[in-house]
Amino acid sequence: MSEDQFDAVIVGGGIAGTVAGYLLAKEGLQVAVVERGNYAGSKNVTGGRIYGHSLEKIMPDFAQEAPVERKITREKISLMTEESNVTLDYYSDMLGIQGSDSYSVLRGVFDKWLQEKAEEAGAMFITGIRIDDLIFREGKVCGVIAGEDELEAQVTILADGVNSLLAQKLGFRGELRPEHVAVGVKEVIELPVPVLEDRFSCRGHEGTSWLFAGTPSAGLVGGGFLYTNKESISIGVVSTLSELVKGHKSVPQMLEDFKKHPVIEPLLKGGKLIEYSGHLVPEGGLKMIPKMIGNGVLVVGDAAGFCINLGYAVRGMDFAVASAECAVKAVLAAKEAENYSESFLQCYQTFLSNSFVMKDMIHYQKFPHFLEETPRIFAAYPRMAADMMAELFIMNGQPAQPLMKNMMRHVREVGLTTIAKDAWKGVRSL
């Protein structure tokens with residue numbers, strides 16, 4: 001390795017790193033992607049779902065070839081209490097229109113396919129290797145160090161995930177703040193295809209995305225998720241690290257309780273556990289984005305904090321793809337100018353600012369704080385919704401009361417003014 005010199009070395013074989021390797025290799029650059037796992041995607045945990053628009057731009061019709069699981073055509077959002085579940089269920093063919101489509105994916109399979117595409121384009125993958133440090137010469141990053149070996153490059157791209165120790169070594173960020181990251185635990189449960197499609201009303205290759213607020217995260221900031229795959233479902237729970245110290249449950253215990261909920265348990269009946277994993281998830285939005293540019297180095301994907309959790313949608317993979325594309329544009333410009341200085345590589349920031357990545361991160365910058373300061377979303381509001389539904393549907397032989405009177409009784413338990421303020425803050429944060 002010490003004899004090798006590359007145009008670019010990429011640390012991390014997730015979506016961001018692999019897409020960057022693919023694009024650079026297509027342009028004829030000598031690229032090495034270094035992945036700690038045995039193959040790209042071997043350590044990735046994401047729920048997961050990819051919005052196709054950014055990868056479609058790079059690989060037209062990618063879903064015709066890629067090992068995606070199911071096209072998401074049904075969106076479900078639930079407010080859950082211990083005994084109840086109130087759900088908004090939206091189905092539409094419009095969700096599957098090319099360019100605005102999304103897919104459930106199993107990252108171990110999907111990322112490995114991306115690796116193969118990048119290798120076909122000419123990128124070299126070095127797997128099973130941990131990067132210990134970076135090579136510095138005259139204030140510039142000149143590659144990476146793995147044990148006693150060195151891999152030199154004109155530019156180094158850090159795509160090593162939310163807990164990027166290399167970005168921390170560079171001084172690009174400090175220790176992760178508890179309110180900026182969440183802990184996620186996920187299981188993949190295998191089900192016979194006919195059973196899965198019946199239980200989730202899936203037609204053909206269509207699938208469901210289902211997000212939950214309330215008891216899955218024990219009333220703390222966080223929630224549950226469920227995605228249908230071809231022959232399995234991905235189910236999990238996420239909770240913000242700063243919130244976990246307030247509660248009495250661990251995230252694994254939250255998941256076990258979630259699976260036993262009377263709405264969820266029948267959906268899992270007869271299933272076989274085939275995967276169990278946990279991971280840190282970036283949740284801080286714009287506030288957790290570190291310094292991303294230095295002399296000879298760029299930061300992309302989760303390592304740059306590019307992820308948004310909106311409650312009704314979770315986005316990260318499309319940001320990973322687009323940030324990788326922006327980094328590649330910067331590297332190509334730097335190669336042409338033979339200038340890999342921090343000042344020249346600032347064009348990466350320009351490309352990001354002109355893309356949806358920074359525009360969306362800025363647009364939704366207030367939402368993580370809104371969730372932090374509004375714990376009622378995860379406890380009081382699910383209970384209010386469940387109690388109001390009970391007023392509508394439970395008939396017990398007692399004389400009927402005016403519906404509005406019954407509904408307002410539950411509204412007053414939270415507080416009409418409080419609800420109005422929360423609604424206003426929520427709308428403004430979006």
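Here are some notes on this predicted model, from the overall fold down to a few single residues.

1. **Ground rules.** The model is predicted, so local features need pLDDT of at least 70 and side-chain atom pairs count only at pLDDT 80 or more, while totals for chains, interfaces and linings use all residues. Residues are numbered from 1 along each chain as its sequence is written, and side-chain values use heavy atoms, with hydrogens and water left out.

2. **Overall build.** The protein has 16 helices and 19 strands; these are DSSP runs numbered from the N terminus, with helices being H or I of at least four residues and strands being E of at least two. Its radius of gyration is 23 Å, close to the 22 Å that the globule rule gives for 430 residues, so the protein is as compact as a globular protein of that length. That radius is taken over C-alpha atoms, and the rule is 2.2 Å times the number of residues to the power 0.38. Along the principal axes, the C-alpha trace spans about 85 × 45 × 40 Å.

3. Buried residues make up 54% of the 430 residues. Here buried means under 20% relative accessible area, exposed means over 50%, and partly exposed is in between (1.4 Å probe, protein chains only). The protein exposes about 19200 Å², and carbon and sulfur atoms supply 53% of that; the areas come from the Shrake-Rupley method with a 1.4 Å probe. Of the contacts (heavy atoms within 4.5 Å) with a separation of 6 or more, 71% are between residues 24 or more positions apart.

4. **Domains.** The domain assignment gives domain 1 as 6-67 + 106-174 + 290-354 and domain 2 as 370-428. Such bounds come from an automatic or database assignment. The C-alpha centres of domain 1 and domain 2 lie 45 Å apart.

5. An unreviewed UniProt entry places "domain: ETF-QO/FixC ubiquinone-binding" at residues 183-278. That span is 25% helix and 42% strand, with its end C-alpha atoms 7 Å apart. The record also puts "domain: FixC-like C-terminal" (unreviewed entry) at residues 367-429. UniProt positions are given in the numbering used here, feature names are shortened, and annotations may be inferred rather than shown by experiment.

6. **Helix α8.** Which residues of α8 (residues 251-259) are buried? They are Val-251, Met-254, Leu-255, Phe-258 and Lys-259. Seen down the axis of α8, these buried residues fall within an arc of 130 degrees, so they line one face of the helix; the arc is that of the directions from the helix axis to the C-beta atoms. Gln-253 also sits in α8, but is partly exposed, with a relative accessible area of 36%. Gln-253 is 142 residues from Met-395 in sequence and 35 Å from it in space, C-alpha to C-alpha.

7. **Thr-81.** Look for Thr-81 in the loop between β4 (70-80) and β5 (85-91). At 3% relative accessibility, Thr-81 counts as buried. Leaving aside residues up to four places away in sequence, Thr-81 touches Thr-215, His-261, Pro-382, Arg-383 and Ala-386. Glu-179 is 98 residues from Thr-81 in sequence and 24 Å away in space, C-alpha to C-alpha.

8. **Two positive phi angles.** Most residues other than glycine have a negative phi. Ala-218, in the loop between β12 (206-214) and β13 (222-228), has a positive phi near 60 degrees and counts as partly exposed at 29% relative accessibility. Glu-338 has a positive phi of about 55 degrees although it is not a glycine. Glu-338 lies in the loop between α10 (317-337) and α11 (347-354) and counts as exposed at 71% relative accessibility.

9. **Lys-366.** Where does Lys-366 lie? It is in the loop between α12 (356-363) and α13 (367-372), and it is exposed, with a relative accessible area of 52%. Not counting residues up to four places away in sequence, Lys-366 touches Arg-428 and Ser-429. Lys-366 and Lys-425 are 59 residues apart in sequence and 9.3 Å apart in space, C-alpha to C-alpha.
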